[in-house]
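Me: Let's go through the strand pairing here, with the reasoning behind each label. Please keep it brisk.

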Amino acid sequence: MAALTLEKRGHTALITMSNPPANTWTKASLQQLKQLVLELEQDKSIYALVITGEGDKFFSAGADLKLFADGDKAVASDMARVFGDAFETLSRFRGVSIAAINGYAMGGGLEVALACDIRIAELQAQMALPEAKVGLLPCAGGTQNLAWLVGEGWAKRMILCGERLKADTALRIGLVEEVVPTGQALDAALTLAEKVGEQSPSAVTACKHLIQQGRSGTMQGALPLERELFVALFDTNDQVEGVQAFLQKRQPRWVNG
């Protein structure tokens with residue numbers, strides 16, 4: 001059985017983590033995730049990506065700790081690199097990525113959700129970065145992405161104090177954008193992904209780049225880039241189509257370029 005399955009539904013790609021019982025990550029599945037995202041990057045018919053876990057208990061429990069049981073630094077270095085490559089590739093995906101958190105999201109399971117643009121959690125879901133409990137640390141973007149989303153205080157509570165959050169608290173602090181009843185995260189994520197198709201793919205890519213620019217740059221640097229990318233959109237067919245469709249009171253027909 002493949003560790004990840006891919007299904008395309010219209011303009012949305014659905015990736016399901018399928019490694020029971022806890023949908024843990026392996027080197028092979030991380031490499032597979034990177035390859036899938038790179039392939040979807042080239043498929044101009046795909047505007048959004050949804051990732052979820054198989055079953056009704058786990059989104060993903062992260063890495064299998066058996067990998068690190070003998071303290072082999074070479075294995076640790078290799079896994080850290082592969083984790084980083086996979087999740088950073090996901091974060092750079094030109095379209096909109098949505099995590100449908102349908103259960104426990106622990107360690108690398110939460111980090112893959114943090115690498116997405118939007119997170120929707122089911123009411124029973126619980127989230128944590130418990131690596132320090134076993135003498136490790138989140139090495140796939142967790143220390144940076146979590147602090148950016150929820151602030152330094154809550155990031156320290158979760159990482160330094162090992163605090164596990166329920167969905168309502170995660171919503172309150174901005175770790176997730178929506179909480180839905182049990183069993184409804186995937187449908188909610190797919191519905192949101194369909195809305196992405198109403199936007200110009202070219203404009204979405206530019207907007208996402210600008211929003212994420214704030215993490216590594218300054219507002220003074222981003223504002224001129226914002227104007228530059230606005231003008232650059234006039235080189236795309238989508239810009240003409242979008243304006244014409246609005247004026248003609250019809251749905252646009254995007255060509256993603």
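Me: What makes strand 2 and strand 3 a pair?
Reply: This is a predicted model. Strand 2 (residues 12–17) and strand 3 (residues 48–53) share six bridges. A pair needs at least two bridges, so the label holds. They run in the parallel sense. Met-17, for one, stands opposite Gly-53 in strand 3.

Me: How do you know that strand 3 also pairs with strand 5?
Reply: Five bridges join them, and they run parallel. Again the requirement is at least two, so they count as paired. Val-50 stands opposite Ile-98 in strand 5.

Me: What links strand 5 to strand 7?
Reply: Four bridges, in the parallel sense. Ala-99 has Arg-119 in strand 7 as its bridge partner.

Me: What is the strand order in the open sheet?
Reply: The six strands run 1-2-3-5-7-10, with mixed pairing.

Me: Why do strand 1 and strand 10 stand at the edges?
Reply: Strand 1 (4–9) and strand 10 (178–180) each have a single partner strand, so one side of each lacks a neighbour in the sheet. On average, neighbouring strands are turned by 20 degrees against each other, direction ignored.

Me: Which helix packs on this sheet?
Reply: Helix 7 (residues 185–196) does, touching strands including strand 5 (96–101) and strand 7 (118–122). Its direction makes about 165 degrees with that of strand 5.

How values were computed: Residues numbered from 1 in each chain as written. Predicted model: local features only at pLDDT ≥ 70, side-chain atom pairs only at ≥ 80, totals over all residues. Heavy atoms only, no water. Helix = DSSP H or I, 4+ residues; strand = E, 2+ residues; numbered from the N terminus. Axes fitted to C-alpha atoms, helices over the stretch in contact; angles between N-to-C directions. Contact = heavy atoms within 4.5 Å.
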